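I opened my notebook to follow a few side chains through this structure and to write down where each one sits and what it meets.

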Amino acid sequence: MQRIDGRPVYAATDLVAYLACEHLTELERAAMAGLVKRPMRDDPELDVIRKRGFEHEQRYLDDLAAEGRNVTSIELDGSIEDDGERLRTAAAETIDAMASGADIVYQATFFDGTWRGHADFLLRVESADRPSVWGPYHYEVADTKLARHVKASAVLQICSYIDQLEGIQRVRPQWLYVALGGSARTVERLRVDDYMAYYRSVRDRFLATVTDPTPAAYPPAGTYPEPVDHCEVCRWAAECVQRRRDDDHLSLVAGISARQRRALSERGVATLEGLGDLALPMEPRLEGTSEGALTRVREQARIQLEGRRERRLKYELLVPPPGDPYEAERGLATLPAPSAGDLFFDIEGDPYAFEDGLDYLFGVLDTDGLFSAFWSRDETGEFSLQGERAAFEAFIDHVMARLEADPAMHVYHYAPYEPTALKRLMGRYGTREAEVDRLLRDGVLVDLLRAVRQSLRASVESYSIKKMEAFYGFTREIDLRDAGSSIVAFETWLQLGEGERPQTDILERIERYNRDDVVSN
């Protein structure tokens, strides 16, 4: 959303953002009205995603060119972002390329003064039954996405391009294409008519919002920055987090759902403090929430509120009332007796590397304090899928040797990523199937997060391992903020030339970060 030549101009990304968060749309309106400056978000992980996206786009372009099709590229540069004349020039070049019958139009630009769009690819389709204004052919849209499956946002974005394309070539394309990420190079084909009504509905609602005669305001009055998935990539995220903190918003309560927040707010309970002090039971009952669920979130808010008021960390063990039996599959009862052969395990993975992702470090700590790092490096010392297979096999063999020596041992991890990754790697490489099956069937793998969540209540906003470390005084040695930072560090190492790598300590820092995670387990 921007002003070009003094007029508001919208793009497909604005539609996607509107569906994700109407508050974001109102913030953008306020920025466009000059009421607030758009914040800049410096996020190295987003930079990694953009880089991988460009690489994926280039691979698809190379695949099309390899089929012998001629490609016409529409050149764009940074100055085109707010330059109406250059946008109109690029849009005219796109129309000229289609009129000339180009097989592929790369980075096609559309601009009608209100909407702008930049489709990755226009594909020429020969069709006497669906001719365009130029003859017995027309164009269909293909976009590249790193995701492994088609998302609604991608379809909406492509439909925005089709809307403009249809007006130019005077025929609606029959199909749209999404070139997905991953080594399989899957290209999904979807029927355009199945989605255009949905697109028009979203577009019309969006336009009604942004053209509302009520002036834009800052902060927006009619919307609220509820946390949503889009926050992970939003430039306004830090500001919205601060707003929620200032308001003591219910989203600060660990484990509360959006549905519960809405229902509580409608009953006048809109803050963590309000929920923490809430008397139960509520009369009438809270719609859509059982008494047990309401009690759980109230108790969570209560202990967070007590920790805040007392200025200290607090926790409570969740134990059955006297006389009630323990549940063998819940909380601390799920933890086996300690054994000398026990291991503590954590994986570092990069979902963007080598097209299908790479689990590049398997870190293991034993009860004697010995840390073992299994790096996914092949015989040449480079990271590769062959190296990942070798590291996976070496890790499994290490565990099985410990298990043979001590049948009572267990492998502890925090959160479900590790067993999920082991199953995925077993399937990817067709190796160590019996061993992984034994680990899963015999309950050798133990999820400490599950035990924590079921066994205690703590004055934290999240039960992530980073939040829980303060309770047992763990201090990290390395300054990587989170797993995302580890991915960025790994991607940086991959980009370095051989001559630069010996002078860096990147892998050492990642290993120390992984060791901190394992020790914290």
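**Entry 1: Arg424 and its partner.** I began with Arg424, which counts as partly exposed at 33% relative accessibility, keeping in mind that I was reading a predicted model. I then looked up its partner and found that Arg424 forms a salt bridge with Asp359, with 2.3 Å between the closest N and O atoms. The two residues belong to distant parts of the chain, since Asp359 is in strand 11 and Arg424 is in helix 12 (residues 417–429), 65 residues apart. Is Asp359 buried or exposed? I noted that Asp359 has a relative accessible area of 1%, so it is buried, the cut-off being under 20%.

**Entry 2: Lys466 and Asp517.** I next looked up the salt bridge between Lys466 and Asp517, where the closest N and O atoms are 3.3 Å apart. Because Lys466 lies in helix 15 (residues 465–468) and Asp517 in helix 17 (residues 506–520), this pair ties together parts that are 51 residues apart in sequence. I wrote down that Lys466 is partly exposed, at 31% relative accessibility, whereas Asp517 is buried, with a relative accessible area of 7%.

**Entry 3: the wider count.** I then asked how many salt bridges there are by this rule, and the count came to 46. I also noted a network of salt bridges that links Arg298, Glu299, Arg302, Glu306, Glu310, Arg312, Lys314, Glu316 and Arg457.

**Entry 4: Leu122.** Last, I turned to Leu122, whose place is in strand 5 (residues 115–126). Leu122 is buried, with a relative accessible area of 0%. Setting aside its neighbours within four places in sequence, I listed the residues in contact with Leu122, among them Thr94, Met98, Ile104, Val105, Phe110, Tyr139, Val141 and Leu165. I also looked up His138, which is 16 residues from Leu122 in sequence and 9.4 Å from it in space, C-alpha to C-alpha.

Notes
Residues are numbered from 1 along each chain as its sequence is written. This is a predicted model: local features need pLDDT of at least 70, side-chain atom pairs count only at pLDDT 80 or more; totals for chains, interfaces and linings use all residues. Side-chain values use heavy atoms; hydrogens and water are left out. Helices (H or I, at least four residues) and strands (E, at least two) are DSSP runs, numbered from the N terminus. Buried means under 20% relative accessible area, exposed over 50%, partly exposed in between (1.4 Å probe, protein chains only). Contact means heavy atoms within 4.5 Å. A salt bridge is a side-chain nitrogen of Lys or Arg within 4 Å of a carboxyl oxygen of Asp or Glu.
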